Amino acid sequence: DSIVVFKAVRNRTMEDILFRFYQRNIRNAVIWPYDEKIDVAAFMRLRGLGMNLVVFDRVIAAGAADCVSVDNADAVTTLYKHLCRRCGGNVAYIGWENDVITSNVEREAAFAAIAPKAAVFRLPWNREQNVDAAVSTLLRKIPGDKRGILCGNGVIGIAVKRYCDGRRMNLHVACVDDLPGA
């Protein structure tokens with residue numbers, strides 16, 4: 001009847017930590033790997049030993065773990081339709097240059113599927129450091145006819161909002177994550 005939260009340190013792999021949990025008779029774990037690469041084969045071995053793994057915000061194929069995630073396609077579709085009503089469909093998408101985090105991939109793919117001719121921009125992935133500078137550089141390159149920006153991440157959305165507010169830009173901005181200020 002308890003939950004213990006661990007933050008992994010960089011000198012051990014997630015799989016090593018989970019195996020150590022298993023050795024200490026911890027058989028249930030919820031994992032948020034963020035941008036860590038996952039060794040699916042190690043997850044399969046742990047699952048085979050009887051460890052129950054639930055991965056948050058990442059989709060892992062092969063039955064290695066149960067996954068809990070936002071319905072990214074529905075979120076992007078809903079926000080895109082909302083922006084289209086406000087700005088006539090002239091919407092661009094800003095996401096991360098990170099294909100490890102499956103929500104990044106799914107959100108961008110969902111946008112490309114519903115707006116194939118729309119512009120997709122990617123910010124360099126640097127663990128969300130210096131996002132304001134990256135957004136400022138990127139927004140100066142986005143064509144001036146864009147009236148809406150769909151951000152694939154709340155951190156991006158907050159940075160875009162700060163940029164627009166600071167320049168009194170009339171741009172509609174929406175983002176998937178529900179962070180304070182997003």
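I take a polar contact to be a pair of N or O atoms within 3.5 Å, where, within protein, one must be able to donate a hydrogen and the other to accept it. The model I examined is predicted.

**Entry 1, aspartate 35.** I looked up the polar partner of this side chain. The side chain of aspartate 35 makes a polar contact with the side chain of tryptophan 125, at 2.9 Å. I then placed aspartate 35 in the fold: the residue lies in the loop that joins strand E1 (28–31) to helix H2 (40–48). Is aspartate 35 buried or exposed? I noted a relative accessibility of 14%. Buried means under 20%, so aspartate 35 counts as buried.

I counted 6 helices and 7 strands in the protein chain. Reading from the N terminus, I recorded the order of elements as α-β-α-β-β-α-β-α-β-α-β-α-β.

I took the span of the C-alpha trace along its principal axes, which is about 60 × 30 × 30 Å. I next considered contacts between residues at least 6 apart in sequence; of these, 60% join residues at least 24 apart.

For the accessible surface I noted about 10600 Å², with 53% belonging to carbon and sulfur atoms.

How many positive and negative side chains does the protein chain have? I recorded 25 positive and 20 negative side chains. The centres of the two sets lie 4 Å apart.

Note on methods
Residues are numbered from 1 along each chain as its sequence is written. This is a predicted model: local features need pLDDT of at least 70, side-chain atom pairs count only at pLDDT 80 or more; totals for chains, interfaces and linings use all residues. Side-chain values use heavy atoms; hydrogens and water are left out. Helices (H or I, at least four residues) and strands (E, at least two) are DSSP runs, numbered from the N terminus. Contact means heavy atoms within 4.5 Å. Accessible areas come from the Shrake-Rupley method with a 1.4 Å probe; for residues, only the protein chains shown count as cover. Lys and Arg count as positive and Asp and Glu as negative; His and the chain ends are not counted. The place of a charge is taken as NZ of Lys, CZ of Arg, CG of Asp or CD of Glu. Buried means under 20% relative accessible area, exposed over 50%, partly exposed in between (1.4 Å probe, protein chains only).
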